[in-house]
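Work through the two exercises below with the sequence and the model open side by side, and try each task before you read its solution.

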Amino acid sequence: MNDQLFISAASKAILGFEEILKQEKQLQFREYGKVISVGEGFARVAGLPNVGIDELVWFESGCPGLVYNLDEDEIGIILLGEEQDIEAGHEVYRSGKIVEIPVGEELIGRVIDPLGRVLDGRKPLLGKQKYPIERPAPPIIQRAPVERPLQTGIKVIDALFPIGRGQRELILGDRQTGKTTIAVDTIINQQDTEMICIYCAIGKQNAATARVIKDLRAKAAMKYSIVVSASSDSPVGLQYIAPYAATSIGEFFMEQGKDVLIVYDDLTWHARAYRELALLLRRPPGREAYPGDIFYIHSRLLERSTHLKSLYGGGSMTALPIVETQAQNISAFIPTNLISITDGQLYLSPVLFQKDVLPAVDTGKSVSRVGSNAQLPAYRSVTKKLRLAYAQFEELEAFSRFSSRLDEETQKVIRRGRLIREILKQPQLQPIKVEEQMVLLLAATSNLLDVFPPGNIPELKEQIRQRVKVISDEINHRMNWEDYLKEEDREFLLNIVRPLISQKKEEG
């Protein structure tokens, strides 16, 4: 028995060798170079005479790299993996292509890194379709005007600074002022809208990214979302390519005719990662030590977000880049660059945040350059008066600090403004539907709430919301939000509020 087994195993081995010998030998030509030195996040390599800029190369340790500098005697390579396994003298091979990311429907609900490796502990991605992370932006001829609204579910934004599908709206502010919260609330509000949401975490701590994922899962938002994460622990090269990889994923869906929302959280860390790499690779520094093309890399990234004409699929990609300011200085280098690139900005004030006015959107420093073109017509009917009343209030409130005696008309404007501010306040992770927003904003602009002190507004606001939720189907069946508000529609909505106000008055 043992002899038979031995013969059988030996026969199999011989057959295997014979098969190998029968195979036609093919020579492979591979261009390679040698590592000269390795630093933190980069390597200098000699050889590779035909390598191109942004080409993907592989070190013999298996670490990928991105060609960044092409000098006469050496090549500067950004490492997309750990540098510990790379030593001077190691070989580096060309791949003949630039860095790619898997794209497709199977990415929805997943957490991946900028190279497409899964981070959520589930099975690896099997899709064969890949997009290069660097792609040209759609040409002007393929672009359509931004006209369709993207509802954020945040009253102060939807009412005063509407965002359109295909728009690029910057969110900026100091640390801990609620920038990420606005982005997450907007993603949560895309339930049942067939919008694909991509959250790209750049240089954030793992705990912060885990909190965002937890919130998205708690609100069932991961079923239409993708998270691309390059945390602060990741190689700086991965942090640099993360937003480009996320954008390529978004472009796949946009080209399928779908609407995409992409959040870059945040581009401050992206700029710092790029500055670090540029300085290590001896590129000449410019203002604040950033390389001279820092404006170009961000404009190249954000220009890829647009709204395509129906001839080209009709999809859209809306970008919400986030940037951090220092000591409320929005005129610093990176914030001003991004303000000039984007179609508007939402500035979050730490002063409002400390006063518990949340979301802390500073209406004086915020703007949406698309304006009311991307707002539901019904909203426009209501918010025109609201914007004017709130702007007058903010101006008068600032002046009222210097004077103790105010005339009756000024006191009335300030009182009304404080009521509107209470109406616009909103807790995090609770985006509000269109019908609820419309009824609340209409009540605020129609003098019905003027009899109440601001302290009574939160409770009354909640009662109105609950009432609207109960008859939500009836409201949506009757109202056409795509049309301007008619007088009978206005009365219909106000009649929902009036009984609650009368009841509140009786309660005292």
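Predicted model: local features only at pLDDT ≥ 70, side-chain atom pairs only at ≥ 80, totals over all residues.

Residues are numbered from 1 along each chain as its sequence is written, and side-chain values use heavy atoms, with hydrogens and water left out.

**Exercise 1.** Determine how strand E13 (residues 195-202) is enclosed and which strands it pairs with.

Solution. Begin with burial, meaning under 20% relative accessible area with a 1.4 Å probe and protein chains only: eight of the eight residues of E13 are buried, so the strand is largely enclosed by the rest of the structure. Next, take the faces separately: Met 195, Cys 197, Tyr 199 and Ala 201 are buried on one side, and Ile 196, Ile 198, Cys 200 and Ile 202 on the other. In a regular strand the side chains alternate between the two faces of the sheet. Then turn to pairing, which requires at least two DSSP bridges: seven bridges join E13 to the parallel strand E15 (residues 259-265), where Ile 198 stands opposite Ile 262, while six join E13 to E14 (residues 225-230), also parallel.

**Exercise 2.** Find which residues touch the most other members of the largest nonpolar core.

Solution. A nonpolar core joins buried Ala, Val, Leu, Ile, Met, Phe, Trp, Tyr and Cys residues through side-chain atoms within 4.5 Å. Among the 73 residues of the largest one, the answer is Ile 187, Leu 216, Leu 449, Ile 475 and Leu 493. Helix H12 (residues 434-445) supplies the largest share of this core, eight residues.

Technical notes: Buried < 20%, exposed > 50% of the residue type's maximum accessible area, 1.4 Å probe, protein only. Helix = DSSP H or I, 4+ residues; strand = E, 2+ residues; numbered from the N terminus.
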